[in-house]
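Dear colleague,

I am handing over the structure below, and I would ask you to look through it before reading my notes.

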Amino acid sequence: MAENRWMVVQARTIDEAITKGAFLLHVGRDQVEYEILEEARLGRQGRILRPYKVRLTINEQLSPAKPEGQTGKEASEPAYEFDREALESMDVQSFLALVDQVKRGTRPSTAGPKEKASATNFDGRIYTEISSDRMEAYLMITPPNGGSPVILNEIKSALAEARITYGIRWDEIEDMVNNHKVYRRVQIATGLFPKAGEDARLEFPQQIREGIRSSGETAFNHLMVVKQEQVVTRKVPMVPAMPGMTVTGETLYARDGRDFSLYARKGRNLRVASDGSELVATANGLLVIDGEKISVESGLEIEGDIDPETGNIDFVGDILIKGSIRRGVSIKSKGNIVVQGNIDAAIVEAGCHITVEGGILGRGAGSVRADRTVTCKFAQQARIEAGEDIIIHDYCIHSDARASRRLMIGGSIIGGMGYATQALRTKNAGNENGTPTLLVAGTNFQVREALEKLRVSIQRCREEREELETQCANLMESENQGTKLPVEKRCLLLESIQRIQRLGEQAMTLESERNRLLQNLDRERAAKISITSRAFPKVRVLIDEAALEIKQITQFATFSKDWDNGEIRMTSYY
């Protein structure tokens, strides 16, 4: 028995209301009583302006009674007799539909009541339903009672009357008719939703997609450098809108995409390609967006400090930083870099000059390198390299400063190393506490480093080879004495011999490379180291391969190499 005992339905006729209500209450037509709440109202030509409103109530006395002695599941079985011949000829799909009807308690079309059926005969009926947004339509058919079943042409007429004209699934409808799928609410039509158009947009190549900076922002994590004739962005065309359609044939419209011209977006150092679809750089520089304008800036000016939050910079043009470069940042330029503050444990590299109005603080982490000159006020625990000159106006403390031409220090160099190929000049070297300080001039430091690496590699080859030769000699001694070695040791012996051969070849190659560097070594015979004030003990002077350690305070001295005897000579500074 259904959970709901009554309900109110609306229909065009009383008979239709009874059929619809019985279906929704999950009982047979002969098990309900009805009460007319509102009469139907007819208009001209018989059109129904207002349907019947009927209350349907389940009649417990007409419900199937439980036979005596039966309870539970046996007592709830419906009193239907089935046509065996119909069941035998029924296909699988139809039989499954029948099973579904029996489970719901509705009267199957292949069954007849044990008791006398109602005397009222009627044809199969059609019910249509349209969703509130008119994008879906549903159909339900009911079986006849002594009349004719629903046919396809009747459904077509019902759909036309309901104005359901678009997206009809005729295969679903034919299946309902052919397989007698009754009392099922089936979706038989679907509308087409409209699709909004897409605005024209700019698409940046993958390699520079992360490199856009909006004007006024300070997010430099991926500042993008572009090169001349590089395509910086492409225009993706506008996509027009696609209209939709309801199941009742009404057209639904959507917003069209919006278009724009690349000429309106083009800024400095850019041109529009001949087909109007790309912006191409006409100069090297930084890609910058200012509102809807795109430009390539040949120089970069940054207000304030650069730190890990603002990020790294890699730029082809000149960079002016009106602040300091903080710890953990990498700044690279193929031009000049000017820093109005300090450089603090950062990596800074320039293709031309680096000028720091403050100082360079390395803290054992950062480095500063320029292909030409590096100029700063002071240096502390810093590593500085220059392809030409290094100029430090004040002091240089515990730093490693290496210049391919000249190193000029206006104050003192204390601790660490100062290196110059042609000339090194400083006011003071070392201090009264005797801090070890190394001053080097002459051989290019890059060549000297390469020679030192080769020397270390050759020494390692020799040490490993000597160790393996001793191991092989011990193993061979056992075999020579007639003691058969285990197979593992024999394999080890053979592998060691092969390794010795490879090490010998490797050492010869390294020696050859070292000799080549020594032969082509550019020795600066005029190299000198000048002390314009004082040099303290523990200061070591190295010119080419000649060395001198200062034992006592020395004033106003110039050190150079006497190429006749290979020793360092000291003269007065002039």
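This is a predicted model: local features need pLDDT of at least 70, side-chain atom pairs count only at pLDDT 80 or more; totals for chains, interfaces and linings use all residues.

Residues are numbered from 1 along each chain as its sequence is written, and side-chain values use heavy atoms, with hydrogens and water left out.

Trp6 is partly exposed, with a relative accessible area of 47%, where buried means under 20% relative accessible area, exposed over 50%, and partly exposed in between (1.4 Å probe, protein chains only).

Which aromatic residues pair up? A search of the whole structure finds one aromatic pair, and Phe378 and Tyr395 form it as a stacked pair, with 5.3 Å centre to centre and 25° between the planes. For this term, rings of Phe, Tyr and Trp (its six-membered ring) pair if their centres lie within 6.5 Å, and planes under 30 degrees apart count as stacked, over 60 as edge-to-face and the rest as tilted. Phe378 lies in strand 32 (residues 378–380) and Tyr395 in the loop between strand 34 (389–392) and strand 35 (396–403), so the pair ties together parts that are 17 residues apart in sequence. Phe378 is buried at 15% relative accessible area, whereas Tyr395, at 26%, counts as partly exposed.

Ser333, in strand 24 (residues 330–333), is buried, with a relative accessible area of 8%. Leaving aside neighbours within four places in sequence, Ser333 is in contact (heavy atoms within 4.5 Å) with residues including Phe315, Asp318 and Glu349.

Two backbone angles also deserve a careful look. Most residues other than glycine have a negative phi. Ala345, however, has a positive phi near 50°; Ala345 lies in the loop between strand 26 (343–344) and strand 27 (347–350) and counts as buried, at 5% relative accessibility. Gln381 likewise has a positive phi near 50°, and is placed in the loop between strand 32 and strand 33 (383–386), where Gln381 counts as partly exposed at 43% relative accessibility.

Methods. Helices (H or I, at least four residues) and strands (E, at least two) are DSSP runs, numbered from the N terminus.
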